[in-house]
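Q: Hi! Could you walk me through this structure?
A: Happy to, let's bring it up.
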Amino acid sequence: MKYEVIIGLEIHLELLTASKLFCGCSTAFGREPNTNCCPVCLGLPGSLPVFNRRAIELAVTAALALNSEIRLWSRFDRKNYFYPDLPKAYQVSQYDQPLARGGYLEVDVAVGKRRINLERVHLEEEAGKLVHAGHSIIGSGYSLVDYNRAGIPLLEIVTAPEMHSGREARLFLEDLRTVLLYAGVSDCKMEEGSLRCDANISLRPEGSSILGTKAEVKNMNSFRSVELALDYEVQRQEKVLSGGGSVVQETCHWDEENKQTITLRGKEGSSDYRYFPEPDLLPLVLENTFVEDLGRSLPELPSERRERLREQYGLEKEEAFLLTANRELGDFFEKAAKAYPVYDNLFNWVQGDLLYQLRENDKKVEEIDPNLLAGLLQLLDEGSINRPVAKELLAEMVQSGADPKEMVRERGLERISGRDRLLPLVEQVIAENPEAVENYRQGKNKALAFLVGKVMAATKGRADPAELNRLLKEKI
Amino acid sequence: MRLYEMTAAELSRRLQSREVSSAEVVRSFLERIDEVDPYLRAFITRTPDLALKSAGEIDSRRMRGETLHPLAGVPIAVKDNISTLALRTTCASRILENYIPPFDATVVAALKKAGMPILGKTNLDEFAMGSSTENSAFFPTRNPWDPGRVPGGSSGGSVVAVATGMAPLALGSDTGGSIRQPASLCGVTGLRPTYGRVSRYGLVAFASSLDQIGTVSTTAFDGALLMNLIAGYDPLDSTSLPEEVPDYRAGLEPGLDKLRVGLIRYGRVDGFDPEVTEAVNKAASMLEEHGAKVGEVSLPLTDYGLSAYYLIAPSEASSNLGRYDGVRYGFCADGDSIEAMFSRTRGEGFGAEVKRRIMIGTYALSAGYYDAYYLKAMKVRTLIRRDYEKAFKKFDLLLGAASPTPAFKLGEKTEDPLQMYLSDVCNITDSLAGMPSLAVPGGFHSSGLPLGLQLTARPMQEKLLLKTGRFFEEQRAEYPLRPSLDFLEERGGDYEI
């Protein structure tokens with residue numbers, strides 16, 4: 001039997017605020033454990049939460065970027081459960097009155113564009129972090145808790161169960177990341193945990209309209225592991241179902257090392273969170289103008305940029321995609337394009353030599369001044385330098401940040417051209433290589449290339465190649 | 001008259017005119033504590049050194065001619081569920097027996113800023129859950145009018161401290177009557193302000209939507225003095241009210257003309273002492289004689305108040321008390337697993353009443369029961385508030401009893417939680433509606449025990465309450481009321497605690 005795969009994602013995103021959701025503590029990553037803490041985020045008796053306005057702005061901005069409908073009246077609830085990383089034994093979250101409902105993302109999948117719908121977007125607080133002795137949560141002797149993360153504003157995005165493969169889930173997630181990066185709401189680093197993804201996955205016989213029993217997959221720490229874990233789960237469930245068995249509702253953990261999912265707890269272990277309205281906070285009431293202002297100041301989003309790049313610079317779809325997916329590269333291109341408006345040539349250099357040199361030198365594109373590349377390409381187009389020289393200068397420019405124009409001036413790298421300057425060199429090469437001259441006269445064209453090479457070597461590649469050819473032919 | 005017998009207002013006057021020093025005042029109260037507290041046990045933690053130190057500081061500042069707060073140098077006692085920096089705050093619970101907060105509650109910071117020496121932290125029912133102070137994990141506090149009886153609760157320690165001159169003022173907290181009921185059982189004045197009028201920041205939460213810090217004093221004017229210091233918006237408490245704070249002292253002079261008073265007709269409440277009803281009726285007549293217009297008012301839905309309260313408060317408590325898991329602070333029991341550690345810590349750290357309420361609350365919030373219990377109770381709460389709004393269209397002030405009976409005997413209700421819950425029946429609906437409410441002495445029972453009246457006003461009308469409270473004081477020959485404490489001499493050091 002063929003099965004249809006149904007996947008829904010639950011994404012958690014740390015918002016880029018300087019301070020936490022309910023207190024003034026720093027959100028900086030990588031600090032000494034338990035140093036970004038205060039009575040509020042440690043949940044000390046008597047402490048109370050106060051909203052961080054910036055977190056609300058970022059949450060609304062994110063929801064707008066995802067085409068979600070902002071609800072002007074929303075409410076916070078307590079989600080009660082016991083866990084050592086949860087200082088108050090409840091998480092302040094939003095339950096039945098979330099900040100935003102609906103929304104969608106247009107995702108480029110194998111078969112063109114697909115719209116993945118969202119159920120809701122809401123704001124909540126981050127928990128602390130357990131540091132397990134040993135390798136993982138399973139079989140750990142003891143654990144330590146770091147509350148630096150506790151109370152960082154977290155955005156939860158829940159998709160409709162509309163994805164059908166690990167690959168689709170991954171593509172969606174990558175697109176979501178790009179949109180949220182463009183919206184400027186999060187740094188979206190899966191490795192640092194500022195973007196996390198859990199998945200609900202179930203299989204059903206093709207054509208059936210009833211959802212199968214789902215498994216929840218957690219601990220997928222990269223885009224790649226989302227795809228791998230879900231593909232693994234598809235195979236596992238397929239095997240169970242085609243063996244006549246039935247899938248058991250469970251929560252499982254992606255084991256990155258062994259590339260498999262491990263059951264963490266069954267359905268009977270699922271919690272009753274005893275949600276109820278958080279009495280320490282008033283309902284969140286937003287002014288229409290507040291939302292409208294945020295909507296107006298929403299930065300250009302990836303889909304808009306792709307369109308604009310194609311129109312403005314005449315780029316191909318894939319080219320625009322590259323410059324959008326890598327936002328900094330796109331920024332670099334657009335800045336360079338101002339000074340050097342030969343867009344197709346610029347794109348070729350950016351996509352080719354520049355990316356190559358960045359990789360080779362382990363540099364980020366943000367570290368490079370776009371005007372330097374523009375200047376270099378101008379020198380090349382003017383005929384002031386030869387192409388091999390340009391490539392070397394680009395490498396040096398990426399390494400040290402040196403200005404190609406200055407390097408050319410200081411080292412005298414300009415192209416050697418004009419009869420007066422080239423003729424003595426040509427005559428010298430002819431005199432020193434009688435054999436090659438003779439060969440050329442007998443019709444061996446290769447010999448001419450040899451002689452050109454000799455002159456180039458003597459001039460460190462600076463001789464004007466066209467004129468050189470002409471002069472050699474003339475003199476032989 | 002000794003210093004410890006004086007009102008805060010009188011002490012303030014003498015301090016400002018430099019007739020006495022704060023050190024002298026504090027010493028007088030400390031001596032009184034040494035004399036009385038071993039028998040009544042109002043304090044969990046006494047802080048004589050700290051109190052004398054801040055008294056000394058205030059005295060030198062006054063010597064230097066600095067302008068000081070009117071209450072500067074006047075000492076105060078603080079209920080032990082209000083956080084005090086570097087000073088143990090136990091909530092009368094084993095689970096917080098050795099917990100030392102790293103911050104001051106907003107109200108405590110205000111006391112310190114004004115220069116009020118803190119005499120110590122007072123006893124309460126564990127986490128403020130109870131009506132007799134018998135639920136303290138450490139020891140019960142006794143009623144100064146009859147040491148065989150309870151002082152009421154949960155602010156029993158604060159109330160007894162003020163009633164016996166161990167402190168001129170005290171801070172208490174009132175969730176469902178925890179200031180007003182003990183105030184009435186001990187013959188002092190206790191104000192529960194409008195919900196949100198005084199910051200809750202630093203008050204260890206029992207039921208967040210009901211908890212409110214308030215004042216315990218011997219006179220209404222003293223309550224006004226303290227309210228001037230603690231009331232106001234606090235950016236650290238999202239539920240605190242932004243409205244301007246009036247000068248509560250101003251305009252407290254009597255004058256009841258045209259005051260419309262609604263005399264509360266209680267529905268069916270078992271165990272209402274007829275002498276209490278009589279005292280309330282007498283108070284109504286007094287108001288009428290002095291120009292007030294008195295009519296009867298019924299708050300029909302208040303019959304459901306107790307039920308609603310005992311669903312909402314435990315629900316919130318079950319969540320608020322989840323944090324005591326032994327991981328970060330407080331009592332921690334060993335366990336083979338994290339679950340075992342959690343459950344042993346909580347099983348051993350909490351007392352019976354706290355556990356009972358956590359169980360009730362957990363149940364009421366559980367999937368499948370939420371709608372029938374918590375949600376229904378919240379709807380009742382809304383209707384109760386409407387009852388009040390309706391009543392306040394006709395009346396400026398509601399008058400009733402602060403407790404259905406005078407003080408009951410130690411141990412009398414400990415075996416029967418429902419009977420204990422019923423002792424808050426007069427106080428609970430004001431709490432649910434968020435209205436300000438004042439307990440003032442209302443004469444004596446034939447047994448010699450004090451009785452209390454309860455006045456309720458519209459939100460933010462604390463001043464009207466204090467003014468009316470002051471009116472009742474002026475109708476009495478002797479004020480403040482002081483228990484004789486004969487038993488101290490009769491029983492001497494042999495008094496069995």
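Q: How many residue pairs are in polar contact between chain A and chain B?
A: The count is 14 residue pairs, both residues at pLDDT 80 or more. A polar contact is a pair of N or O atoms within 3.5 Å; within protein, one must be able to donate a hydrogen and the other to accept it, and residues adjacent in sequence count only if both atoms are side-chain atoms. This is a predicted model, where local features need pLDDT of at least 70 and side-chain atom pairs count only at pLDDT 80 or more, while totals for chains, interfaces and linings use all residues. Residues are numbered from 1 along each chain as its sequence is written, chains are lettered from A and ligands numbered from 1 in the order in which they are written, and side-chain values use heavy atoms, with hydrogens and water left out.

Q: Switching topic: what does Arg305(A) meet in a salt bridge?
A: Its partner is Glu334(A), at 3.0 Å from N to O. Arg305(A) lies in helix α5 (residues 302-313) of chain A and Glu334(A) in helix α7 of chain A, so the pair ties together parts 29 residues apart in sequence. Helices here are DSSP runs (H or I, at least four residues), numbered from the N terminus.

Q: Is Arg305(A) buried or exposed?
A: Arg305(A) counts as buried, at 3% relative accessibility. Glu334(A) also counts as buried, at 13%. Buried means under 20% relative accessible area, exposed over 50%, and partly exposed in between (1.4 Å probe, protein chains only).

Q: And what about Asp353(A), what does that one meet?
A: Asp353(A) and Lys391(A) meet in a salt bridge (3.6 Å, N to O). Asp353(A) is in helix α8 of chain A and Lys391(A) in helix α10 of chain A, so this pair ties together parts 38 residues apart in sequence. Asp353(A) counts as buried at 17% relative accessibility, whereas Lys391(A) is partly exposed at 35%.

Q: Last one: what happens just after α9(A)?
A: Gly383(A) takes a positive phi of about 85° there.

Note on methods. Helices (H or I, at least four residues) and strands (E, at least two) are DSSP runs, numbered from the N terminus. A salt bridge is a side-chain nitrogen of Lys or Arg within 4 Å of a carboxyl oxygen of Asp or Glu.
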